[in-house]
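Keep the viewer open as you read.

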Amino acid sequence: VTHSIPACIGSMTINGKQLDNESPVSIFAVNKCYETVQDGTFFDGSGFAALVREGYKVRSDVNITLEFRTTAAHGVLLGVSSARVDAIGLEIIHGKVLFHVNNGAGRLTASYEPRGTNSLCDGKWHKLQANKSKHHISLIIDGNLVHTDNPYVQSTSADTNNPIYVGGYPADVKQNCLTSKTSFRGCLRNLVLTKGQHTELFDFSRAFDLRGVFPHSCPGAEH
């Protein structure tokens, strides 16, 4: 077993003596437990999760679905890039969700802005689906569809080869389809990437790098 248990542990005794877990000698990647917990992974706004160490190849088609819950108006949701310009990115900017794609010829963006007083940053769960099909891109938030025309019709493949960064990314990593450097604060769940017939549900506890991210433990209310 190479990853920690996603759980809460309390009242541990050794040889009849209860351990003092309030003042440990050292601590690493241990968060507090919550009385009310929901399914999901908690991002504390300081880091990111890195998935697919060998690099994720978006190429011509990809469909991304996830659910998010936040009270912050800014934050990176997901980015996959290359050393060149090819990349995809999902982020929240000023309460809008933006889906950026660059197939090599230029960046294209689908933007969803909630109408009226509705907010995506209300601490409630919202469903997101981002789809890239060759040079077409679309974004569906809570069933509301936005898509954008692409002038670069000859350019259809995003030739990415870097890991999938979720909730943020390291300072020394280039992301060609993200404008924000702000790490996401809130909860994410049910991250699924689909390419053709291949569907992959990502388990954050199996990320190869986790900073400020607590898998399978989403507090029921903001703390």
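How many disulfides are there? Taking a disulfide as a pair of cysteine sulfur atoms within 2.5 Å, the count comes to one disulfide. The partners are Cys-187 and Cys-218, whose sulfur atoms sit 2.0 Å apart. Turn to the S-S bond and you'll find 105° about it, which makes the link of Cys-187 and Cys-218 right-handed. Cys-187 belongs to strand β14 (residues 185-195) and Cys-218 to strand β17 (residues 218-219), so the pair ties together parts that are 31 residues apart in sequence. Cys-187 and Cys-218 are both buried; here buried means under 20% relative accessible area, exposed means over 50%, and partly exposed is what falls in between (1.4 Å probe, protein chains only).

A word on ground rules before going further. This is a predicted model, in which local features need pLDDT of at least 70 and side-chain atom pairs count only at pLDDT 80 or more, while totals for chains, interfaces and linings use all residues. Residues are numbered from 1 along each chain as its sequence is written, and side-chain values use heavy atoms, with hydrogens and water left out.

Cys-121 is in no disulfide, and the nearest cysteine sulfur, that of Cys-187, is 14 Å away. Cys-121 still counts as buried because its relative accessibility is 14%. Cys-177 is buried too, with a relative accessible area of 0%.

Now zoom out to the whole chain. What does the secondary structure consist of? It comes to zero helices and 17 strands, where helices (H or I, at least four residues) and strands (E, at least two) are DSSP runs numbered from the N terminus. For overall size, a compact globule of 223 residues would have a radius of gyration near 17 Å, and the protein chain has 19 Å, which agrees. That radius is taken over C-alpha atoms, and the globule rule is 2.2 Å times the number of residues to the power 0.38. Along the principal axes, the C-alpha atoms fill a box of roughly 70 × 40 × 35 Å.

Of the 223 residues, 44% count as buried. The accessible surface is about 12,200 Å², and carbon and sulfur atoms account for 49% of it; the areas come from the Shrake-Rupley method with a 1.4 Å probe, and for residues only the protein chains shown count as cover. As for charge, the mean positions of the 21 positive and 20 negative charges are 4 Å apart. Lys and Arg count as positive and Asp and Glu as negative, with His and the chain ends not counted; each charge is placed at NZ of Lys, CZ of Arg, CG of Asp or CD of Glu.

With that picture in mind, pick out a residue in a strand. Ala-49 lies in strand β4 (residues 41-51) and counts as buried at 0% relative accessibility. Leaving aside neighbours within four places in sequence, Ala-49 is in contact with residues including Ile-164, Tyr-165, Val-166, Phe-204 and Leu-210. Leu-78 is 29 residues from Ala-49 in sequence and 9.4 Å away in space, C-alpha to C-alpha.

The loops are worth a stop as well. Tyr-169 is found in the loop between β13 and β14, and is buried, with a relative accessible area of 13%. Beyond four places in sequence, Tyr-169 touches Phe-48, Val-76, Gln-175, Leu-178, Ser-180 and Lys-181. In the loop between β12 and β13 (164-166) you'll find Asp-159, which is partly exposed at a relative accessible area of 34%. Setting aside neighbours within four places in sequence, Asp-159 is in contact with Arg-59, Ser-82, Arg-84 and Asp-86.

Finally, check the backbone. Most residues other than glycine have a negative phi. Lys-134, in the loop between β10 (126-133) and β11 (136-141), has a positive phi near 55°, and is partly exposed at 44% relative accessibility. Asp-142, in the loop between β11 and β12 (144-148), has a positive phi near 50°, and is partly exposed with a relative accessible area of 38%.

Key
Contact = heavy atoms within 4.5 Å.
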